[in-house]
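Hi everyone, thanks for coming. Let me put the structure up on the screen, and then we'll walk through it together.

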Number of protein chains: 4
Amino acid sequence: MFFASDNSGPVHPQVMAAVQAANEGYALGYGADAQMTEVRATLRDLFEAPEAAVYLVATGTAANSLALATLCQPWQTVFCAPHAHIHEDECNAPEFYSGGAKLTLVGSEDRMTADALRATILAEGTRGVHGPQRGPVSITQVTERGQVYSLDELQALTAVAKEFGLPAFMDGARFANALVALDCSPAEMTWKSGIDAVSFGGTKNGCMGVEAVVIFDPAKAWEFELRRKRGAHLFSKHRYLSAQMQGYLRDGLWLDTARAANAAAERLEAGLAGVAGVKLLFPRQANMLFIDAPRAWHQRMQAAGAVYYITRGELEGDDPDELLTGRFVCDWSIGAARVDQFLALAQG
Amino acid sequence: MFFASDNSGPVHPQVMAAVQAANEGYALGYGADAQMTEVRATLRDLFEAPEAAVYLVATGTAANSLALATLCQPWQTVFCAPHAHIHEDECNAPEFYSGGAKLTLVGSEDRMTADALRATILAEGTRGVHGPQRGPVSITQVTERGQVYSLDELQALTAVAKEFGLPAFMDGARFANALVALDCSPAEMTWKSGIDAVSFGGTKNGCMGVEAVVIFDPAKAWEFELRRKRGAHLFSKHRYLSAQMQGYLRDGLWLDTARAANAAAERLEAGLAGVAGVKLLFPRQANMLFIDAPRAWHQRMQAAGAVYYITRGELEGDDPDELLTGRFVCDWSIGAARVDQFLALAQG
Amino acid sequence: MFFASDNSGPVHPQVMAAVQAANEGYALGYGADAQMTEVRATLRDLFEAPEAAVYLVATGTAANSLALATLCQPWQTVFCAPHAHIHEDECNAPEFYSGGAKLTLVGSEDRMTADALRATILAEGTRGVHGPQRGPVSITQVTERGQVYSLDELQALTAVAKEFGLPAFMDGARFANALVALDCSPAEMTWKSGIDAVSFGGTKNGCMGVEAVVIFDPAKAWEFELRRKRGAHLFSKHRYLSAQMQGYLRDGLWLDTARAANAAAERLEAGLAGVAGVKLLFPRQANMLFIDAPRAWHQRMQAAGAVYYITRGELEGDDPDELLTGRFVCDWSIGAARVDQFLALAQG
Amino acid sequence: MFFASDNSGPVHPQVMAAVQAANEGYALGYGADAQMTEVRATLRDLFEAPEAAVYLVATGTAANSLALATLCQPWQTVFCAPHAHIHEDECNAPEFYSGGAKLTLVGSEDRMTADALRATILAEGTRGVHGPQRGPVSITQVTERGQVYSLDELQALTAVAKEFGLPAFMDGARFANALVALDCSPAEMTWKSGIDAVSFGGTKNGCMGVEAVVIFDPAKAWEFELRRKRGAHLFSKHRYLSAQMQGYLRDGLWLDTARAANAAAERLEAGLAGVAGVKLLFPRQANMLFIDAPRAWHQRMQAAGAVYYITRGELEGDDPDELLTGRFVCDWSIGAARVDQFLALAQG
C-alpha cells in the first residue's frame, strides 16, 4: 500500500531488459551510442517533429532547469503556478541554471488560468530596465495537485505567452499520465498547442532515471548541449540512459504504464467516494489524489501500513476529528489488488 | 581492440546484478534507500573515516564540480595541472558550480610538483582584494596522461596546500587504478596524505554511471547535499545509483577490475616495447599509455580495427613518417586476448 | 514642482564642497584615502558600533545586493515585502549577486507584519533538501509606499527572524527620512532592534551617488570587500565617494536634509487634505505620498507643470472621473514655496 | 613625486566644473539626463559611429566585465594576455559577470602576438562539447606594462579573431594615452581595426570615476543596459557621471591630459637614461615605465619621498645591489617640475 510517490516504485522489466541488452561490448560515449540514434528517431516520430532537438538527462530537475535556462535570460522572470515543482521542489535549481532569473507566481491556485497569466505578465515588465524582464511561461502537466490542463486550456495559456512574445515550456515529469488522460497525441499536447520545449518524463513512469528534453526549435540544440555538459549532466556511458528510454518507448510501454497508474488512481477514487468522512480535494484526472480525512482515519491507515504523505496538518495531534490532507500517488506497478487492500481498510 | 576510453566498456555483471536485485518493490527516494545505508558504511570503512560525508552522483564532472564548489569561494582560484579534466574537459562546469571561480594552471607538465605548486600559489594572491584569492588545490589521480602520484608526492603537494591554509581535493575518476598501482589503502592515498575530499570513481571501472564523493570533514555535508540538489544531481530513484556502488564494492570487485585494466595496459606496454618506431611518452603506471609512432603505423592499426584517439597530429596527412601521438586506455573488460591481437598487428 | 523622485534633485552644496575639497593632490585609492578613515569613524560613532564593518558603494542596488549576498547562500530565499525595491526594481540584481537565491514575498501589503512573516517562513523550508532554504529577512525602511516601521514593529520582525536563526537586513535607501520620522538613534533603528546589516543611503538625500553599508558583525568584512571588488563596485578614486559621505555626515546635514524632505511632504499632505476629490492612500510618515484623484485633476496638474508618476491607471483616458494613483516624493531641496505653488494649483 | 598610479591623481578642474554645472535643479535619472544626450552624440562623433551604443559606468572593472559578458557566453573562454587587468586585477569579476566563463592566457609576454593568439585559439576548442568554447579576444590598450599595440598589430590580432568568428574587445582604461601615442583617430584604433566594443577610460585620465562603453553593434545595446542595471551599475543621479564625461570630452581635454601624462613619462624616461644602474624594461610608449635598479637606489628614492610600486623583489633586504623592478605611472597632473625633482634625486 505504497502511495507516497511514483518515483518510489520499481523499474519496469522491459526497461530493465533494455538496459541489460545494451550491456554488450564497447560503445561510443556521450550520446553517440546506437541506442540514442533510435531513441531520437522514435521521439521525433512520436512528436511528429522531424527536426526537433532531443536530449536525455537523468533527473527531472535537470530536464526542467536546462530547458528553462535555454529559453530564458538571467534578467528575466519565469511565470509559473505557485505549487510548480520548479518553484517549490528544486532548491533554486532554475535560478542556478538560468544564472539568476526569477520565478513569478501566477494566481494562487494549483492551475494557471489564461486570465491570471495575462494579468501577471501585464503587472510584470512595466518598469523598463528596472524590473525583471518577462520570460518563459512554464506549465506543469500533470500539475502538482494531480490536475491535467485540457488542450483548450493549454492553448489559451500559450496564446497569452505568444501575445507577449514569450516561449512556453512544459514540465512533463508526468507527461504520459496527462497524455492518456487527455487521449491526445504528443504533438497535440505540445507544439500543436503552442509549447516550445518539453521535458518528457520517464523516471516516474517505469524508468530508472531518464527524462527526454524535446526542443522544437533545432536552433537551440547546440546551446542545450553545452548547458547540459557544463551542468555535468552529459553521461559518458550514455547508452544506459538511451536504453532505458528505448525500453520505455518500445511497443507503447510508456502509455501502458501511465494507463495502469491512472487506472489505479481512478479505482482508489471510486472506492474512497464511498468512505464516510473522506473528501476528494481536486478532480482526479491522472494518477494522484488529494483527500481530506479526519486525523483518526489517517492514523488508522498508516498504522495499518499505508504509506503516503500528509501535506496539510500533522499526523500526531490531539483532535481525532481534525481534517488532514493526504496525498496519494499511484505508480505503474501498484495494481488493483493493493488498491483494494487499502480500500478494504479504509472502509473498515 | 577498443582503447578509446575506459568509459566505453560494458558494466561488470556483478554491478548489473546488483542493480537488478535492487529492482524490487518500493523504496524511499533521494538517498534514503537501504542500499545507500550499506554503501555509506562500506565506504566509511574502506576509507577508515567513520564520520565522513559520503554521497553519490552519476557523473565524474558532477562529483568534481560539486566537491570543488564546496571547498571553494567564487572569488578564489583552484590550482590544478594544465591537463586537468576540470580545466580541459568539463566545459566550464567548475566555474559554473563555484559561481565563477578561476582555475590557475600549475607548471606546464602533466603532473604538478610541490615546487611548481608553491611558486604558483606565491605568485597568485599577492594583490590583496584585487586579485583572485587562493583556493583549493586539485590533484588528478590517475593524471590525464596516465601517471600516478606516489604517496610522497601527494603529501608534498598537500603540505604546500596546508602551508597556505588551502584545502586539497582529489579527482579520483580513476581512483582504483591509482590505488592498485600504489598498493596502498584508500585512507593512505587520501586523508592520511592530506586530502580533504575525493571523488571515488565507479563509472570508468565497471559501473554504469556512479561516483562517490567522500568529504572527510562532516561539517561540509549539508552544504554538499544542497549543492547536489540545486545542481539537479540528486536522484529520486536513488537506489539504482546505490546498487551500482554496492555491486562495485562487494568482494573487492572494484580492485579486481582496476587490476585487470592496469594489467592489460602493462601487457600492451610490454608488447609495444618491442615494436620498432613506437615510443612510450610517459611511464605507464595505471591503465593508460601515450605513444609516438609514425603516421603510417597509426593508419595501419586503425584500418585494422584498432580504436583509439590521436591526441597530437592528424591521422590523415602526406608524410607517412611524421610522428603522431596515440592514447590507449584499457578498461576492465579488454582482456589479454584483445591486447595480444593488437600487438600481433602492431608488430606485423 | 518636481515630485517624481528624490533621486532627481541636486546635490547639497555642502556635499559638493566636500568633493571639491578632496580634489587636492594625490591620494591612495580603493578606500585607503584619509576621508574614508574619517567616514568610517563617524559612522561607527553614529551607530554606536565601534567594530562594525563600514563600506561605501555608489548605488543603492549595489548596497542591497552586496549586503544581502553576504548574508545569504545561493540555495536560500530572502523574505521581503511584495513591493520591495530588491524584488521590483533591481532587475534581478539580488539573484545575480547571491548566485541564484530566491525572493519570497511576505503577505500582500506594503509592510510586512510579524505574523505574516512567521507564517511565510513556516510555509517555506518544510521540504528538507528539496525546497529553497530559509534565508535573510529584508526590511525596507522607509517602505516603497512611504511608510515607516516603528521600533516595535522592527523588533517584532527581527524577533521572528531570530526565532528561525535568520539574519535581518535593512534596506535604508531612505534611512534618514525614517530616522527623523521615528526620532530615534541609528543604533536603535538597527542593531538595537535586531538588524544585522544596513544600507545607509546618501544618494536620495543630498549626495551624488554614495551609500554606506554597515555590517555589525565584523567577521563578514573581508567577504564583503571581496564581493564588492568582484562586483566592480570598488572605486579606484575612492576619495570622491568618501568625500560625499563626509560632507553628508558633517554637522548633521543628513538629518537636516531628511527633515526638510519630510516637512515638505507633511506640508503637501496637509494642503491636499483640503482638496476635494483627493484621497491619501497610506499614512504619510516620511517624504512620500500616494493619493487617489480623478483623472481630470491629474491631467490639470501635470499640464500645469507638476512632475510625478502615475502608479495606477493611465493619465490618458476617456473617463475624467476615474481615480488614478499618483506618487509624490519630496526631496531635500523642494522647499515650501514650490509645495505651496503646487497646492495653490491643486485647489484651483 | 607620486608615481604609484594614474588613479591617484586629482580630477581635472574642467571636469570638476562640469560636475558643478550639472548641479542645478531636477533632472531625470538613469541616463535620461540632458548631459548624457550630449555625451552620447559626442562619443558617436568621435568614434565616427553614429549608431553605436554608448553607456557610462563608474569603474573600469564594470566597463570591462559588462562589455565582455555581453560578447561572451558562460561556456566560452576569453583570450587575453597573462598580465591583463581582467585576469590579474579584477577578483574574478569577468567570471562573475559572464556567468562562469574562463580566461585563457595567450603566450607568456605582456603583449599578445597574432601568432600566439592563433596558436592558443587552435589549441582551445578542439574537444567539441567537452572543452570550453572559444570566446572573445580581449586586448588591453595601453597594456599593463605600458606598451601600445600599433594599428598593424591590432589589425593582426582582430584578423585572427575574425578568422574564428570571435568578437574583439578593447580594454581602454588608458585609451587616450594609447591614442595620442599612436596619433590616430578613435575609429582607427577601434572598429576600423576590427574592435567590436571598447571601454573608453576617463577615471585614470582626469575624471572622478567614469568610463564609457562603446559597442559598435547597436543590436547589443539593450542587453548591455539590462546587464548594467542587474550589475547595480546604473546610476540614479546619472547626470553626475555624464557631466564628468562631458567635461572630459570638451575641447579635447581628454587628449590634452593624456599628452601631459605621456610627456611626463617621456621626460622621466629621458632623464633616467642617464642614471647609472637604472635600466628600462619595456619600450616606454605611453605614461608608464618599468625599470630595474639596485635596491639601494630604490631605498634612497623612496626615503626621499618618491611613491611608486616595487613590482618584483622586496624593498627591504640585505643585498643593496639586488635589482628590483619599479613601476612608474605618470598622471595628467604630475608636471615637469615634479619629474625633474625626482630626476635630480635619481642622479644624486
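How many residues does the contact take from chain B, and how many from chain A? It takes 47 residues from chain B and 47 residues from chain A. Before I go on, please keep in mind that this is a predicted model.

So let's stay with chains A and B for a bit. Between them they bury about 4200 Å², and 60% of that is on carbon and sulfur atoms.

Okay, over to chains C and D. Which rotation superposes chain C on chain D? It's a rotation of 180°, with 0.0 Å of shift along its axis and an RMSD of 0.0 Å. In chain C, the C-alpha nearest that axis belongs to G231(C), at 3.6 Å. The same surface serves both copies here, with 100% of the contact residues of chain C recurring in chain D.

For the contact itself, chain C gives 47 residues and chain D gives 47 residues. The buried area between chain C and chain D is about 4200 Å², with carbon and sulfur atoms giving 60% of it. On the chain C side, Y26(C), F96(C) and K237(C) supply 21% of the area buried against chain D, more than any other three residues. The salt bridge count between chain C and chain D is zero.

Let's zoom in on a pair of helices. At what angle do helix α8, residues 175-182, and helix α12, residues 253-273, of chain C pack? The angle is about 75°, and their axes are 8 Å apart. That makes α8(C) roughly perpendicular to α12(C). From α8(C), the contact uses F175(C), A176(C), N177(C), L179(C), V180(C) and A181(C). From α12(C), you get W254(C), L255(C), A258(C), R259(C), A261(C) and N262(C). Sorted by class, the contact of α8(C) with α12(C) has nine nonpolar, two polar and one charged residues.

Last stop, some backbone details. Q141(A) and V142(A) are joined by a cis peptide bond, with omega at about -10°. You'll find V142(A) in the loop between β4 (133-140) and α7 (151-163) of chain A. In chain B, a cis peptide bond joins Q141(B) and V142(B), where omega is about -5°. V142(B) sits in the loop between β4 (133-140) and α7 (151-163) of chain B.

And one more for chain A: N92(A) isn't a glycine, yet its phi is positive, about 70°. Look for N92(A) in the loop between α4 (85-88) and α5 (93-98) of chain A.

Definitions and conventions:
Residues numbered from 1 in each chain as written. Chains lettered and ligands numbered in written order. Predicted model: local features only at pLDDT ≥ 70, side-chain atom pairs only at ≥ 80, totals over all residues. Heavy atoms only, no water. Axes fitted to C-alpha atoms, helices over the stretch in contact; angles between N-to-C directions. Helix = DSSP H or I, 4+ residues; strand = E, 2+ residues; numbered from the N terminus. Parallel < 35°, antiparallel > 145°, perpendicular 65-115°, else oblique. Contact = heavy atoms within 4.5 Å. Nonpolar A, V, L, I, M, F, W, Y, C, P; charged D, E, K, R; others polar. Buried area = accessible area lost by both parts, 1.4 Å probe. Least-squares fit on C-alpha atoms with pLDDT ≥ 70 in both. Salt bridge = Lys/Arg side-chain N within 4 Å of Asp/Glu carboxyl O.
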